[in-house]
Amino acid sequence: MADNLPSEFDVIVIGTGLPESIIAAACSRSGQRVLHVDSRSYYGGNWASFSFSGLLSWLKEYQENNDIVSESPTCQKQILENEEAIALSRKDKTIQHVEVLCYASQDLHEDVEEAGALQKNHASVTSAHSTEAADSACLPTKDESLSTMSCEMPAEQTPSSDPESALEVNDAEATGEKENYCDNKSCVSSTSGGKTSENVPVTEDTTEQPKKNRITYSKIIKEGRRFNIDLVSKLLYSRGLLIDLLIKSNVSRYAEFKNVTRILAFREGRVEQVPCSRADVFNSRQLTMVEKRMLMKFLTFCMEFEEHPDEYKAYEEITFSEYLKTQKLTPNLQYFVLHSIAMTPETSSSTIDGLKATKNFLHCLGRYGNTPFLFPLYGQGELPQCFCRMCAVFGGIYCLRHSVQCLVVDKESRRCKAIIDQFGQRIISKHFLVEDSYFSENTCSRVQYRQISRAVLITDRSVLKTDSDQQTSILTVPAEEPGTSAVRVIELCSSTMTCMKGTYLVHLTCASSKTAREDLEPVVQKLFIPYTEMEIENEEFEKPRLLWVLYFNMRDSSDISRNCYNDLPSNVYVCSGPDCGLGNDNAVKQAETLFQKICPNEDFCPPPPNPEDIVLDGDSLQPEASESSAIPEANSETPKESTSLGKPEESPE
């Protein structure tokens, strides 16, 4: 409980998003005493992943959160004369304009419950024309699986016996074999006793389906624990900063990854695969022999463009789109390079930006597969948890469902000296890291936030059907109107452990110009059709069918100057939420920058020591009580035939 918390730390981190978790791990690794708290009952904040019922409960939680009328700063009683308080917000206002549409057959019966659930509750179904998302679930949630007692001391983790191992990447077909698994986190009851419940494996649905390929809403509910739905949709560049950090720090041993198998393009109303590697280019039937030579010549130039400034200096003032028109490229090739390789905005990206993006894409090719991208099994939400585990290994203390009322600031020095938590306990620290969403309106009154439009779809088949149904794809749909953004589409198959077999999980993302539905529904209508009984009878349908759709807007707090926040003490640092970009470089750069301010002479997330070289004193600070760990357990079951990628050159393509 909170009474057992030490009264003093070196670093207090509020929020468990990716940047905060990386900083907490780095500080703990460098010997700092770290307290990591989150008012939520799950790890990750807006970087989290949820089971299907967990997502519905998250939506309900946000609606209830919006009903909070006033904030009561009860901590004022504990503020001394020479101190002042910076109140933190009780309301999370980062999610807006939530709309849920259900197209799957709504044959839900009262006795249908999520397989492997800890308790029996019922769910009601949101109709296709309703926007009331929050009332559509009251099932046991993934939040409960991740929740802990008010405060617990993480258990000591045993470092991997093979320190040379790096990323585990699974082949596309190999992961398809795994059918039965419990939720990827240990199921921890949120009762006061804090006893751990046994994991209940999800069993195969053996009931006969009345119609071929019929997927009902009740089946989605029943198989809900097979879904791991990301709030933010991103991929990892195989030579990006996050992959390098995962390998360097050996945090990669806590996660497994899967290759993205295809780069797709949407052109003239059709989805087609983009050849990007040398082998793909020469094997492509979409390109003529002349086009293949043109493309290879241009891509070769992009790999070493900085060595030939004369060839692009004259075009630095124009957009990359205009620059491509000056090269010997057909319109077909210009489209592929701009939207599927460089993936840069057509109207705002400069020639240099486009050349750098193309070089980065090509530089990442072939390290772990035929595309530059990796995806973490069980979803993006695994990554913050991996770094939280590392922090716990080196003594960090974790408290979920533990809110902070205010920061205590010394009036004379203008430095923050402590926090006061929900129990009224004053906890002293030298440094404070706070995720943006925890600040009140008074603190953020001058901040101008951008928004991200998001859509999450459950569909019955891929946008581009091939012989293999285990394809993970990325597709960019260009903007059609001025002032709007291109839409990034990431399609995940069941072997990524993010959806049930026979379905695909599709994420759409773009920078907001309107509400998420207004921004993204036109693209959804181009690529998909609603799921209806009439379509089930007709096998000859061209587009995938929509089973369930969620739209929402998420706050983009990245790249905001700290000067925009009112009266922040110098030892209070702001961590932003997810940005709109495809990769995670912004989070890693932010984490490293803030870490260097806290520990200027320390290495950022160095490799852990070899267990055989560690000599512990009698009064070791390493925690021993494994039963009270608040850190999510590693996935007890993972797809077979995983390949160690410590030596990328030996990895399968």
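Before we count neighbours in a sheet, here's the rule: two strands pair if DSSP finds at least two bridges between them. Keep in mind that we're looking at a predicted model.

With that rule in hand, we get an open sheet of five strands, pairing in parallel and ordered β13-β2-β1-β17-β24. At its edges sit β13 (397-399) and β24 (572-575), each pairing on one side only.

Now zoom in on β1 and β2. Strand β1 covers residues 11-14 and β2 covers residues 34-37; the two run parallel and are joined by four bridges.

Next come the helices. Helix α11 (residues 382-393) lies across β2 and β13, and runs at about 130 degrees to β13. Then there's helix α14 (residues 585-598), which packs on the sheet and touches β1, β17 (431-435) and β24. The direction of α14 makes about 170 degrees with that of β24.

What about empty space? Rolling a probe the size of a water molecule over the atoms shows where it is left. Searching the whole structure turns up eight cavities of 30 Å³ or more. The second largest cavity holds about 70 Å³ of space. It's lined by 13 residues, with E20, G45, N46, W47 and E435 the closest to its centre. Sort that lining by class and you get two nonpolar, eight polar and three charged residues.

How values were computed
Residues are numbered from 1 along each chain as its sequence is written. This is a predicted model: local features need pLDDT of at least 70, side-chain atom pairs count only at pLDDT 80 or more; totals for chains, interfaces and linings use all residues. Side-chain values use heavy atoms; hydrogens and water are left out. On a 1 Å grid over the protein atoms alone, a cavity is a set of points where a 1.4 Å probe fits but cannot get out, and a pocket is an open set with protein on both sides within 12 Å along at least five of seven lines; lining residues have an atom within 4 Å of a point. Grid points are joined across faces, edges and corners, and a volume is the space filled by probe spheres set on the points. Ala, Val, Leu, Ile, Met, Phe, Trp, Tyr, Cys and Pro count as nonpolar, Asp, Glu, Lys and Arg as charged, and the others, Gly among them, as polar. Contact means heavy atoms within 4.5 Å. Axes are lines fitted to C-alpha atoms, for helices over the stretch in contact, and angles run from 0 to 180 degrees between N-to-C directions.
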